[in-house]
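Here's a quick briefing on charged side-chain contacts. Have a look at the structure first, then we'll go through the pairs.

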Amino acid sequence: METYSPDNDIEPVNQNLPEGPIVFIHGYISDSRIWDHFRSHWNGNETSHFPTLSGFGDFSSRSESNIEFGVELHTNDIVAYIENELGTAAHLVGWSYGASLALLIATRRPELVNSVYCYEAGLNGFITDHETAMLVGEDRQNMVASVIKALNRGDLRRAAKEMVNNACGVDSVFENLDKHDQQVFLDNAETIPAMFANRSDSFSSSMIAVDLQKIRCRVTIGTGALARPAYRIVGDEASRIIPAAYRQIIPTALHVAPATNPQLFATAILRHFSTL
């Protein structure tokens with residue numbers, strides 16, 4: 001396990017990047033715009049790709065109300081992007097839900113994945129110890145309780161705010177984001193009901209089987225030092241199971257690190273690439 005200090009931050013430089021494309025996969029209630037601040041600290045933008053998953057994005061310009069949503073759909077999104085847009089294997093950088101997708105793709109289509117940087121994934125179907133799985137489940141319930149209350153009141157804006165704050169386990173994280181990042185989350189608030197409506201096709205369902213032992217590429221499992229128990233436990237368990245795993249803990253980092261500390265997050269990814 002590696003722990004590094006923000007005192008050792010360095011500005012990312014091109015020669016630290018690996019050969020081949022890098023695909024960044026965003027998390028829940030967001031889209032490719034959530035990487036905008038990060039990209040100002042990332043000098044590898046020429047080889048980096050920031051797709052938006054199906055169903056996400058700015059809903060203010062949409063006429064349709066039905067949202068296609070689910071793990072299988074989004075896994076296929078990234079696989080199709082690699083095969084059709086890139087035409088070659090890629091390094092995957094996933095945050096939150098995107099980190100879970102990256103790990104799933106690495107198990108199912110290993111020939112398409114050169115390495116994975118995984119930050120605070122939510123998948124837990126691979127955890128076999130009952131007590132450990134219960135701890136993760138209980139923390140998840142605590143995380144979404146106020147979100148569900150807001151949804152039941154029909155208050156999507158409040159649900160989005162609660163989702164961001166609760167994922168971090170810290171009050172007022174959403175309120176302290178800049179207007180750009182707040183708007184990204186609010187623009188995607190319409191996806192929250194879809195996320196809860198299709199629980200059988202989500203990473204909280206045991207129906208989504210993820211055999212992490214099948215992963216053969218280098219994987220860095222990152223969590224913030226301030227991570228909720230669910231993310232920390234999933235990170236610890238995943239790094240124990242994946243054969244070529246490299247555990248990384250980022251001091252002072254919250255769940256929404258790409259938004260709250262993009263330079264530190266960029267440095268963390270470079271540490272991953274330095275292990276290849």
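This is a predicted model: local features need pLDDT of at least 70, side-chain atom pairs count only at pLDDT 80 or more; totals for chains, interfaces and linings use all residues.

**Salt bridges at a glance**

Arg109 and Glu83 pair up through their side chains in a salt bridge, at 2.7 Å from N to O. In total, it contains nine salt bridges.

**Around Arg109**

- As for solvent, Arg109 is partly exposed, with a relative accessible area of 27%.
- Glu83 is partly exposed too, at 37%, and Glu111 gets the partly exposed label with 47% relative accessibility.

**Within helix H9**

- Glu237 and Arg240 meet side chain to side chain in a salt bridge, 2.7 Å from N to O.
- Where do these two sit relative to each other in helix H9 (residues 229-241)? They are three residues apart, so about one helical turn separates Glu237 from Arg240.
- Is Glu237 buried or exposed? Glu237 is buried, because its relative accessible area of 17% falls under the 20% cut-off.
- Arg240, on the other hand, is exposed, with a relative accessible area of 57%.

**A linked set**

- Asp31, Arg33 and Asp187 are joined in a network of salt bridges.

Key. Residues are numbered from 1 along each chain as its sequence is written. Side-chain values use heavy atoms; hydrogens and water are left out. A salt bridge is a side-chain nitrogen of Lys or Arg within 4 Å of a carboxyl oxygen of Asp or Glu. Buried means under 20% relative accessible area, exposed over 50%, partly exposed in between (1.4 Å probe, protein chains only). Helices (H or I, at least four residues) and strands (E, at least two) are DSSP runs, numbered from the N terminus.
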